[in-house]
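Try each task before reading its solution.

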Amino acid sequence: MKLEKKFGNRMEIVLDKEWVSLVKQAKELGLSIQDIRNFLSKHERESQHQ
C-alpha cells in the first residue's frame with residue numbers, strides 16, 4: 001500500500017514497510033504480482049459484501 005504526499009511541485013510516495021515485507025515474502029514463496037493482486041481483490045470484494 002502506498003501513500004502519496006505532495007511537497008510543493010514534487011510528489012513523494014511513501015510505502016508501508018509491513019506491506020513491502022509481506023509482498024517480498026509472497027514473492028519468495030513463488031507468488032506472482034498478479035497472484036497477489038488477485039488475492040487482495042478477492043478478499044476486498046468479500047469484505048465489502050459482509
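Predicted model: local features only at pLDDT ≥ 70, side-chain atom pairs only at ≥ 80, totals over all residues.

**Exercise 1. Determine the order of the elements from the N terminus on.**

Solution. Start by counting: the protein has 2 helices and 2 strands. Then follow the chain from the N terminus, and the order reads β-β-α-α.

**Exercise 2. What percentage of the residues is buried, and how much of the accessible surface belongs to carbon and sulfur atoms?**

Solution. Take burial to begin with: of the 50 residues in the protein, 4% are buried. Next, the accessible surface amounts to about 4900 Å². Carbon and sulfur atoms account for 54% of that surface.

**Exercise 3. Find the residues that make the nonpolar surface patch of about 350 Å², and say which element gives the largest share.**

Solution. Begin with the members: Met 11, Ile 13, Leu 15 and Val 20. Strand S2, residues 10-15, contributes the largest share, with 3 residues. Val 20, in turn, sits in helix H1. Why is Val 20 classed as partly exposed? Its relative accessible area is 31%, and partly exposed covers the range between under 20% (buried) and over 50% (exposed).

**Exercise 4. Describe the second largest pocket by its volume, its lining and the helices that supply the lining.**

Solution. The volume comes first: about 170 Å³. Now look at the lining, which includes Trp 19, Leu 22, Gln 25, Asp 35 and Phe 39. Sorted by type, the lining residues are 9 nonpolar, 1 polar and 1 charged. Finally, trace them to their elements: helix H1 (17-28) and helix H2 (33-48) each supply at least two lining residues. H1 gives the most, with 5 residues.

How values were computed. Residues numbered from 1 in each chain as written. Heavy atoms only, no water. 1 Å grid on protein atoms, 1.4 Å probe; cavity = no way out; pocket = protein on both sides within 12 Å on 5 of 7 lines; lining within 4 Å. Points joined across faces, edges and corners; volume = space filled by probe spheres on them. Helix = DSSP H or I, 4+ residues; strand = E, 2+ residues; numbered from the N terminus. Nonpolar A, V, L, I, M, F, W, Y, C, P; charged D, E, K, R; others polar. Buried < 20%, exposed > 50% of the residue type's maximum accessible area, 1.4 Å probe, protein only. Areas by Shrake-Rupley, 256 points an atom, 1.4 Å probe, with all protein chains shown as cover. Patch = residues over 30% accessible without salt bridge, like charges linked within 9 Å, V, L, I, M, F, W, Y side chains within 5 Å. Salt bridge = Lys/Arg side-chain N within 4 Å of Asp/Glu carboxyl O.
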